[in-house]
Amino acid sequence: MQFLISGYYGFGNLGDEALARVIVAELRSRYPYADIDVLSAHPDVTAHELGVRSTPRAQVSAVREAIARADVVLSGGGGLLQNATSLRSLLYYAGILRAANKAHRKSMIFAQSIGPLDFVGKTVVREWCKGTRVATVRDARSQRLLASLLHEAAIERTADPAFLYDDEGATLDLAAEGIDPAAPLIVVAVRKCAGFQYAANVIANTVDRLANEYDAHVAFLALGGAEDAEAATSLIRKCKSTPVLLPLTDLGAACALIRQSFAVIGMRLHALIFAIRYGVPFLAVAYDPKVSALCEDIAYPLPPLWNRDSRRTFHEPEIDALVDRLWNEHDALSSAMHDQAAQMRRLAERNFEVLDELVRA
């Protein structure tokens, strides 16, 4: 059995690297003699870190050969089938599925968020992915959208495989990172997006409220690499308090930081997923529908700080009230997160059960 995995791998995004690690580990557990190939921006790094074959994702002939070798082509996980990033990105990922279907390979849309898609984007997904008969998606919104485009596909709502990531109890020496271990720690994970300047003002006010009123130590975590570090730096300059940017590039250390925190402020979806995984309350910044969809799916009690769809911007008294709720309801929120994490892990495992059914078909 040969599997080919297509996703946003090899770019140094720690959330996507967590996805790759979980997917590869689960495939090895279920198919110990399978050959696993991952399309990657840096195939040498991916091959070394995951112990797999890795094909350069930008080399058309190499990708074509990888598809020809594969028995099953997995597109995911992540938010691949969307054209908010660019039409080119959507054409790439949909093109992998199209090529797999033309080559009569089994294909699966695997643990994805679908959209945003405009008219052209919907047309691309409808026409280029129509041979794919099996899909799992990370939220109910994505399930409804994909069902409207691929009428013949069996589409099941599951959860992100990163809910299954195990950091094996790794800990981070906070004092060595310049953080007072006795102070409540707030981890902030931001990224660039349309309207970032508006979201940044809201986040800066929230950071200042937490630092000044609750004596919290605020640390920014660049889950997406250099671009996230740049976004964090620009946001730190807006703060009147003194948050720090931690240069963590190791997935285990990043997860340990979140697990040891009091709360998370997250634009990055996987920052919120790890927070739920470890029972850490959070404030979401819904720059993308997948963030608000996650909050809806777990019935999270606190509204997002900022929502790109509605352009809703909290004013200072509203920010203060939301921060106060985060603080005062912390224990109840944490308990609810632990309950939700167990359910999300069960849903994440379902991705691989659906894959097993496809392989046996």
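Predicted model: local features only at pLDDT ≥ 70, side-chain atom pairs only at ≥ 80, totals over all residues.

Visitor: How much space lies in the second largest cavity?
Guide: About 30 Å³.

Visitor: And how many cavities of 30 Å³ or more are there in the whole structure?
Guide: The search finds 2. The largest cavity holds about 60 Å³ of space. Its lining consists of S113, R138, D139, D160, F163, L269, I273, K290, L294 and D297. Helix 11 (289-297) gives the most to that lining, with 3 residues, and helix 10 also supplies at least two.

Visitor: What classes of residue line the largest cavity?
Guide: 5 charged, 4 nonpolar and 1 polar.

Visitor: Which helix gives the most to the lining of the largest pocket?
Guide: Helix 4, with 4 residues. Helix 1 (14-30), helix 8 (226-236) and helix 10 (269-277) each supply at least two.

Visitor: What about the second largest pocket, what is its volume?
Guide: About 350 Å³. Of its 16 lining residues, V60, V63, G95, I96 and A99 are the closest to the centre. Helix 3 (60-69) and helix 4 are the elements that give two or more residues to this lining, and the largest share, 6 residues, comes from helix 4. By class, the lining has 11 nonpolar, 2 polar and 3 charged residues.

Visitor: Helix 4 again. How do helix 4 and helix 5 sit, roughly parallel or roughly perpendicular?
Guide: The axes of helix 4 (residues 87-102) and helix 5 (residues 119-128) come within 9 Å and cross at roughly 10°. The two helices are therefore roughly parallel to each other, since angles under 35 degrees count as such.

Visitor: Which residues meet there?
Guide: On the helix 4 side, L87, L90, L91, A94, G95, L97, R98 and N101; on the helix 5 side, V120, G121, V124, V125 and W128. These divide into 9 nonpolar, 3 polar and 1 charged.

Visitor: Changing topic. How many aromatic pairs does the count come to?
Guide: 8. One of them is Y214 with W327: the ring centres are 4.4 Å apart and the planes are at 25°, so the pair is stacked. Y214 is in helix 7 (residues 196-214) and W327 in helix 12 (residues 316-328), 113 residues apart, so the pair links distant parts of the chain.

Visitor: Last topic, the backbone. Where are there cis peptide bonds?
Guide: One joins G76 and G77, with omega about -10°; G77 is in strand 4 (residues 72-78). The bond from G115 to P116 is also cis, with omega near 5°. P116 lies in the loop between strand 5 (106-112) and helix 5.

Visitor: And which residue has a positive phi although it is not a glycine?
Guide: D215, at about 55°. D215 is in the loop between helix 7 and strand 9 (217-221). Most residues other than glycine have a negative phi.

Note on methods:
Residues numbered from 1 in each chain as written. Heavy atoms only, no water. Axes fitted to C-alpha atoms, helices over the stretch in contact; angles between N-to-C directions. Parallel < 35°, antiparallel > 145°, perpendicular 65-115°, else oblique. Contact = heavy atoms within 4.5 Å. Nonpolar A, V, L, I, M, F, W, Y, C, P; charged D, E, K, R; others polar. 1 Å grid on protein atoms, 1.4 Å probe; cavity = no way out; pocket = protein on both sides within 12 Å on 5 of 7 lines; lining within 4 Å. Points joined across faces, edges and corners; volume = space filled by probe spheres on them. Phe/Tyr/Trp six-rings, centres within 6.5 Å; stacked < 30°, edge-to-face > 60°.
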